[in-house]
Amino acid sequence: MAVDGISRIHAPAKLNLNLRVTGRRVDGYHLLDSVVVFTGFGDWIELEPAQEDSVFVTGDFASSVSTGEDNICFRALAAFRDHGGVAGCHSITIDKRIPVGAGLGGGSSDAAVILRYLNRTSPAPLADKKLAEAALSLGADVPVCLAGIAQRMQGIGDMLTPVDPVPHGHLVLAKAHAMLPTAEVFRSLRESGSGDAAPLRSSEISGSVADIVAAGNDLQAAAMSLSPDIALVLDRLRDGNGVIAAQMSGSGSACFGLFDNGDDAATAAETLARDGIWAVATRF
């Protein structure tokens, strides 16, 4: 949507319904197998043509986000141009609603919608392969966020297969107080001796949502060893009326509860928020 030259775009939170760590490459990158969906909840990005590139951040988590050239949205502008795309300068305002360092792909989703916007408006757009390369250069979650629909994500995030049928459901997203760097969680996983699991089975990819979630998250135990608050949040989610399952997303520290219906999800989110736990009810 564009008003007075300003384009406003939704950047949905990414959710790993399950996650397997299937190995590690010689360069140190871990190989994953995960079903990823996108929620109705997310950040909002405003882009406006400008004399020079700039990034501004508002919203609940603005204080946790840099506005310098290390900001992933700033880097997305550079990556688009570096891979051959033509784009003028832009002023970017991020309404940061997705918690930072939570495993919900907030920065990756922000970068992905910027890449899509630039490619859509460019006089010389990139081919799909080049756009995917630009996305991967920004981070392992950016390609799946660029796809924007439910995917089986494998490899280092570069192997994507659409999930059919697309999973749907009601959720509560809830976050432990810790902000967990992904590298620390993987290091904890390695120190535990884990990290070479079998790939997901077909029922864990395109079965019922409950079956997909039941495949688990191989990073959950490692993250809980770094932040015991995650276990507390999971227990609170499991206490909710109508809850089907509760699990951590990505490398944490955000968790999700899968609920039978939207009313139960909304009630659970309100209860958690009253007790000082960040929580929102949404759908995927």
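Helices here are DSSP runs of at least four residues, numbered from the N terminus. Everything below comes from a predicted model.

Asp 53 is 25 residues away from Ala 78 in sequence, and the two C-alpha atoms are 9.6 Å apart in space.

H1 has two helix partners to look at. Two packed helices are described by the angle between their axes and the distance between the axes. For H1 (residues 72–82) against helix H2 (residues 106–121), the angle is about 35 degrees and the axes are 9 Å apart. The crossing of H1 past H2 is right-handed. On the H1 side, the contact is made by Ile 72, Cys 73, Ala 76, Leu 77 and Phe 80. Facing them from H2 are Gly 107, Ser 108, Asp 110, Ala 111, Ile 114, Leu 115, Leu 118 and Asn 119. Sorted by type, the residues of this H1 and H2 contact come out as nine nonpolar, three polar and one charged.

The other partner is helix H3 (residues 128–138), which packs with H1 at an angle of about 145 degrees, the axes being 10 Å apart. Here too H1 makes a right-handed crossing, this time past H3. H1 brings Ile 72, Arg 75, Ala 76, Ala 79 and Phe 80 to the contact, and H3 answers with Leu 131, Ala 134, Ser 137 and Leu 138.

Now for the aromatics. Searching the whole structure turns up two aromatic pairs. In one of them, the ring centres of Phe 41 and Trp 278 are 5.8 Å apart and the planes meet at 55 degrees, so the pair gets the label tilted. Phe 41 belongs to strand S4 (residues 30–49) and Trp 278 to strand S12 (residues 278–283), so this pair ties together parts of the chain that are 237 residues apart in sequence. Phe 41 and Trp 278 are both buried.

Trp 278 also pairs with Phe 61, this time edge-to-face, with 6.2 Å from centre to centre and 75 degrees between the planes. This is again a link between distant parts of the chain: Phe 61 is in the loop between strand S5 (54–58) and H1, 217 residues from Trp 278 in strand S12. Phe 61 has 17% relative accessibility and therefore counts as buried, the cut-off being under 20%. Put together, Phe 41, Phe 61 and Trp 278 make one aromatic cluster.

One more ring deserves a mention, that of Trp 44. Arg 8 lies over its face, 4.3 Å from the ring centre.

Finally, the backbone has some cis peptide bonds to report. Asp 164 and Pro 165 are joined by one, with omega at about 0 degrees. Pro 165 is found in the loop between strand S8 (159–162) and strand S9 (170–175). The bond from Gly 252 to Ser 253 is cis as well, with omega near 10 degrees. Ser 253 is likewise a loop residue, placed between strand S10 (243–248) and strand S11 (254–259).

Notes: Residues are numbered from 1 along each chain as its sequence is written. This is a predicted model: local features need pLDDT of at least 70, side-chain atom pairs count only at pLDDT 80 or more; totals for chains, interfaces and linings use all residues. Side-chain values use heavy atoms; hydrogens and water are left out. Axes are lines fitted to C-alpha atoms, for helices over the stretch in contact, and angles run from 0 to 180 degrees between N-to-C directions. A crossing is left-handed if the near helix is turned anticlockwise from the far one by less than a right angle, and right-handed if clockwise. Contact means heavy atoms within 4.5 Å. Ala, Val, Leu, Ile, Met, Phe, Trp, Tyr, Cys and Pro count as nonpolar, Asp, Glu, Lys and Arg as charged, and the others, Gly among them, as polar. Rings of Phe, Tyr and Trp (its six-membered ring) pair if their centres lie within 6.5 Å; planes under 30 degrees apart count as stacked, over 60 as edge-to-face and the rest as tilted. Buried means under 20% relative accessible area, exposed over 50%, partly exposed in between (1.4 Å probe, protein chains only). A charge sits over a ring if NZ of Lys or CZ of Arg is within 6 Å of the ring centre and within 35 degrees of the ring normal.
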